[in-house]
Structure formats: structure tokens, C-alpha cells
Amino acid sequence: MPEYPNQRPLVTVEAVGRKCPIPILMLAQRLHEVPIGAVIAVTADDPAAQADIPAWCRMKMHDFVVEEPLTRGSAYHIRRRY
């Protein structure tokens, strides 16, 4: 995988308080806001997001970068591949 200089998200989708699949639907709706190769983050506190977001990335062929713990929930970083 090529290295990208900017690992920080350009856009953060705020989905804390929403139950899955809403965080994933919000991510899919806003993914086009970042250029290919850039990182977008989704904040979520639904425990299902920990498995569902990486699974969505694999299914859609985007890169799951990292889960960053927050005070409430986590920020899930995704690199757009296409």
C-alpha cells in the first residue's frame, strides 16, 4: 500500500448516540467529501461499530486505518480508495 503524507482525517462524521447501521450510512453518504487517498473519520459509541465499520471497509474495498478511543466512543479512520 502506498504511503500517504496526511494520516489525519479531513472530515469527521459525528455519529455518537446513533445505533448501527446509522454511522455506516452516514459514512457512505459523506465519503465523497474527501479525495481518493484521504482519510475520513466516523465517531460512534455503539459497540457494534467496532466490528461493523471495519467490515464495511473490507466489503467496499476502502482501508480501515485505526480506531482512536475517545471520551465517549471511538473515532474510526477510513482511507478512501476510489
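**View 1. Asp-45 and its salt bridge.** At 26% relative accessibility, Asp-45 counts as partly exposed, a class between buried (under 20% relative accessible area) and exposed (over 50%), using a 1.4 Å probe and protein chains only. Asp-45 forms a salt bridge with Arg-72, and their closest N and O atoms are 2.7 Å apart. Asp-45 sits in the loop between E2 and helix H2 (49–60) and Arg-72 in the loop between E3 and E4, so the pair ties together parts 27 residues apart in sequence. Here a salt bridge means a side-chain nitrogen of Lys or Arg within 4 Å of a carboxyl oxygen of Asp or Glu. Helices (H or I, at least four residues) and strands (E, at least two) are DSSP runs, numbered from the N terminus.

This is a predicted model: local features need pLDDT of at least 70, side-chain atom pairs count only at pLDDT 80 or more, and totals for chains, interfaces and linings use all residues. Residues are numbered from 1 along each chain as its sequence is written, and side-chain values use heavy atoms, leaving out hydrogens and water.

**View 2. Strand E4 and its partners.** All 6 of the 6 residues of E4 (residues 74–79) are buried, so the strand is largely enclosed by the rest of the structure. E4 pairs in the antiparallel sense with E2 (residues 39–44) over 6 bridges, and Ile-40 stands opposite Ile-78. With E3 (residues 63–69), E4 also pairs in the antiparallel sense over 6 bridges. Pairing takes at least two DSSP bridges between two strands.

**View 3. Asp-63 meets Arg-81.** Their side chains form a salt bridge (3.3 Å, N to O). Asp-63 counts as buried at 18% relative accessibility, while Arg-81, at 34%, counts as partly exposed.
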